[in-house]
Amino acid sequence: MFKFPEGLYTDVRIEDVFQTSIQITMGKLDDVKEKSYKAAFIRLYDGKRWYYSSTSDVDSIQKEIEALASIACKNENIKEDPIFQRFEVHKSEFLKFTGKDSVKECALNEKMELLKNYSPIIASSEYVKLWRANYIDLHVKKSFHSSKGSNIVFDTQRVGMRISYELSDGDRKFADRFDRGSNYFSQLKGLEEEIKSRFGKSIHFLKEAAEIKPGKYTVVLSPEAAGVFAHESFGHKSESDFMIGDKSMEEEWKIGKKVGSEILSIVDDGSIMGTGYTPFDDEGTKAKETYLIKKGVLSGRLHSAKTAAALGEGLTGNARALNFEFEPIVRMTTTFIKGGDKTFEELISDIKEGIFVETLKHGSGMSTFTLAPSMAYMIRDGKIAEPVKISVVTGNVFETLNEIEGLTKDVKILEFALGGCGKFEQFPLPVGFGGPYVRVKSLNVR
Amino acid sequence: MIKEKYTEKTSQIALNIENSKVESVRRKDITKTAIRVYSENKMGVAGGLGKVDEEELAEKAIKALDFDIHYPVEPTSDLEMNIVYHADFSDSDEFVNEIEELLLEISKEQPDFIFSNKATLTTTENSLNNNLGLNLFHRGTSINVGLIFKRKGSGNIFDGFVGYNGLKYDRKEFLNLTNEICEAFKNNIEEFKPGRYPVVFLQSDSIYLMKLYRDLHGLIFATGGSLLSGKIGQKLFSENFTLYQTRNHADGFYGPFFDLEGVVTPEFRYPLIENGILRSPYTNKKTAKLFNLPHTGAAGGEYDSVPDVAAYPMSLKESDKTLEELLDGRKGIFVLVASGGDFTPDGKFATPVQLPFLFDGKKFIGKLPELNISSNLFDMFGKDFIGVGKNNLTPLGPSRAVIMEMDVSKI
């Protein structure tokens, strides 16, 4: 298909994209887009440095390969390079979203009707001052070809809708949203009761939320909050590119080290359906299940071929690029906390005074991680009590991992329509996350 | 029929820096084109990547009128402007060589640290033309060197950053800045008493302005969902507090000088809050017209979108005092990294500061333990607002800092 230069490793990723976006504000159509394009990202490696090119002209790929080759240094021993040796080679088509499962086959009108049909649930309330409904879909068919012999075609698909609303009751204000992502358009149908339930909670929060007394509390995280915690606090630390070149960090992060409570296991797996579904990563590695923590013990980390070679570990299928404009870097796919042995009632039953974080605006994770709750509640005498307004929940990552003292049996993987993970310049990358309800002994709440 | 063409071209050399060395070189050359048509208070848009057939796009845009997207505004007309500028590098090879040499020197001078992330030389070209005499053209090349640093042996994925975004480049000044930050990082100041302190933010740090970005959004404001709704003309903040929506180079903005509707504001700014008085939320033409609000020229969106209200960067008017004079002999807490905090719906603010430095108005003295800072919107920019220093933190380019009094405690 392409003439790859001798003495160099080369791969080409062609993205054939179909996408739709629709926006309705206060019942009026604001924007509708349905578009298709093809574009490519080319990588070339000479054993010392990588050279990349991103182009929206797929007819120029061969020319781009040659241009990159002209600035690289030919390496007769490229096949002995540990990174070259790590690359997997696959040949075949792995298309999942074809026929009626493809958003391309779904009429634009049907997508607009979906939003219009849900809108009255929100629009009729006296508390709603502004509402917006968004629909998006994105089908990407990727062809990946490498000088090592890979020739694969696979696809991913994200479909989602969000209804966001600004609520006001006199001086009380609150902004919230219902957001649902999926792989299939059909799964966005029949959500009326879920939207009503979320909207009802938002109104309750608007009218009843009280000030929080800042301090340390036992905190119960919902699957959404637990998933963000796992992603931000530990998932990013598991991305091995952060370890390269720091021997002391390699020592500090030795596989087998105890890093958390014995009931805690965190997994990343690109083969799980949802918005983190990544059957192959962007250097042609097949998705794998990777335990980051297993029963409190550091068990694995996430890799590209480069980081796997540098640390002498195996590939995990986590080299991902936001789109054709970017090179793959180590990213999560679907990251979640495994379930435990309790029911939700059991989890909160002996908490005298604590906090339940149900929904989030955002989270972050350095040594001190943060969760910015949207809706949170007091727990009093083992029961969910009044809603409370919280700016931010913080904790030290490693102390918190060791202070996880209870997990429910049921695990929920969350899928959102908009947003995603940000790393360096590449935002927002679709990821999946989730977990059970998680009880943490003590966190700072402000 | 009124027809408009918008193009966006990006050419970029991006150097990925890993382990204090250039690990990869990425070239990007992407063109995006959109055609918009206006007819009977409606707009139709169609866009494409790379080489496009403009006639075909125009046909698609006309067909998009069938979506019936209400757009009751007059397109900008009879305006011709052309602004072209270039950063301090003549070509990409010179840029690659310079960054390699810079990294060598940084590694020698700061051997305890590992540097990573990106250095980019980016040219953006934007043009907007229509058949009513609108001809706007912007082409600018700017430099961005953003280095994340990690002290060897640190358990963090990163410890801090040093960066610069602008047109001028000076290796010596970048090294000075890097050395000052790294040396301060190594000087641990363990002792800290909770209390009220002057807290210093880089003006470009958006965390302290999050609530204003949200509550000054034209639609949220106009429909009553903002804490500031209905308060135009009221004095809500300090006399010293003036907030602009900006597309001005002096504020560190290097994008096009016009918005997505082709609107150019005087001095490329618009005062949203002036001497503490709320003047306007930020608006595009449609929102301003529908809700009878001032029009601030804040239309944005993707290149092929129907223009919507968009948050452009905000900047604060500087005072006539230096940071040292504003601190008036006190030591401030400089927020170098604060991630994850937020405001409650009623304006209370709290965030952890993962990397705070003690700061005397001229230099960073040392690294403080991780802190919590808290306040609320009306105090931060009201009675507790101290001001924006007239001086830049580095001679490299726009790098002003803002000071306000806050409650500070140890995490």
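# Two chains, residue by residue

Visitor: Where in chain B does B:Asp78 lie?

Guide: Helices (H or I, at least four residues) and strands (E, at least two) are DSSP runs, numbered from the N terminus. In that scheme, B:Asp78 of chain B is placed in the loop between α1 (54-64) and β4 (79-85).

Visitor: What kind of model is this, and how are its residues numbered?

Guide: This is a predicted model, where local features need pLDDT of at least 70, side-chain atom pairs count only at pLDDT 80 or more, and totals for chains, interfaces and linings use all residues; side-chain values use heavy atoms, leaving out hydrogens and water. Chains are lettered from A and ligands numbered from 1 in the order in which they are written, and residues are numbered along each chain, as its sequence is written, from 1.

Visitor: Back to B:Asp78: buried or exposed?

Guide: Buried means under 20% relative accessible area, exposed over 50%, and partly exposed in between (1.4 Å probe, protein chains only). Phi of B:Asp78 is near 50°, a positive value in a residue other than glycine. With a relative accessible area of 66%, B:Asp78 is exposed.

Visitor: What is phi of B:Glu40?

Guide: B:Glu40 is in the loop of chain B between β2 (21-39) and β3 (42-49). Its relative accessibility is 70%, so B:Glu40 counts as exposed. Phi of B:Glu40 is positive, in a residue other than glycine, and is near 45°.

Visitor: Which residue caps the N-terminal end of α3(B)?

Guide: The helix takes in residues 171-186 of chain B, and its 16 residues should span 22 Å at 1.5 Å a residue, in agreement with end C-alpha atoms 22 Å apart. The expected span is 1.5 Å times one less than the number of residues. At the N-terminal end, a side-chain oxygen lies 2.9 Å from the backbone nitrogen of B:Lys172, and the residue that provides this cap is B:Asp170.

Visitor: Which side chain makes a polar contact with that of B:Asn179?

Guide: B:Asn179 lies in helix α3 of chain B and counts as buried at 16% relative accessibility. Not counting residues up to four places away in sequence, B:Asn179 touches B:Glu109 and B:Gln110 (contact means heavy atoms within 4.5 Å). A polar contact is a pair of N or O atoms within 3.5 Å; within protein, one must be able to donate a hydrogen and the other to accept it, and residues adjacent in sequence count only if both atoms are side-chain atoms. At 2.9 Å, the partner of the B:Asn179 side chain is that of B:Gln110.

Visitor: How far apart are the C-alpha atoms of B:Ala119 and B:Leu393?

Guide: B:Ala119 is in strand β5 (residues 113-130) of chain B and is buried, with a relative accessible area of 0%. Beyond its neighbours within four places in sequence, its contacts include B:Ile13, B:Leu15, B:Phe95 and B:Val145. B:Leu393 is 274 residues from B:Ala119 along the chain, and their C-alpha atoms are separated by 20 Å.

Visitor: Which side chain is joined to that of A:Ser182 by a polar contact?

Guide: A:Ser182 belongs to strand β7 (residues 172-182) of chain A and is buried, at a relative accessible area of 2%. Its side chain reaches the backbone nitrogen of A:Tyr184 at 3.2 Å. The side-chain partner, at 2.5 Å, is A:Gln187.

Visitor: Which helix of chain A is among the elements that the buried residues of α3(A) pack against?

Guide: The helix covers residues 108-123, and its 16 residues should span 22 Å, which agrees with end C-alpha atoms 23 Å apart. Its buried residues include A:Leu108, A:Met112, A:Leu115 and A:Ile122. They pack against strands β1 (9-25), β2 (28-45), β5 (128-146) and β6 (151-169), and also against α4 (192-208).

Visitor: What is the area buried between chain A and chain B?

Guide: The contact takes 62 residues from chain A and 71 residues from chain B. Buried area is the accessible area (1.4 Å probe) that two parts lose on being put together, summed over both. Carbon and sulfur atoms give 51% of the area between chain A and chain B, which is about 5,700 Å².

Visitor: Over which ring does the charged end of A:Lys294 sit?

Guide: A charge sits over a ring if NZ of Lys or CZ of Arg is within 6 Å of the ring centre and within 35 degrees of the ring normal. In chain B, the charged end of B:Arg247 is placed this way over B:Tyr312, 4.4 Å from the ring centre. For A:Lys294, at 4.3 Å from the centre, the ring is that of A:Tyr291.
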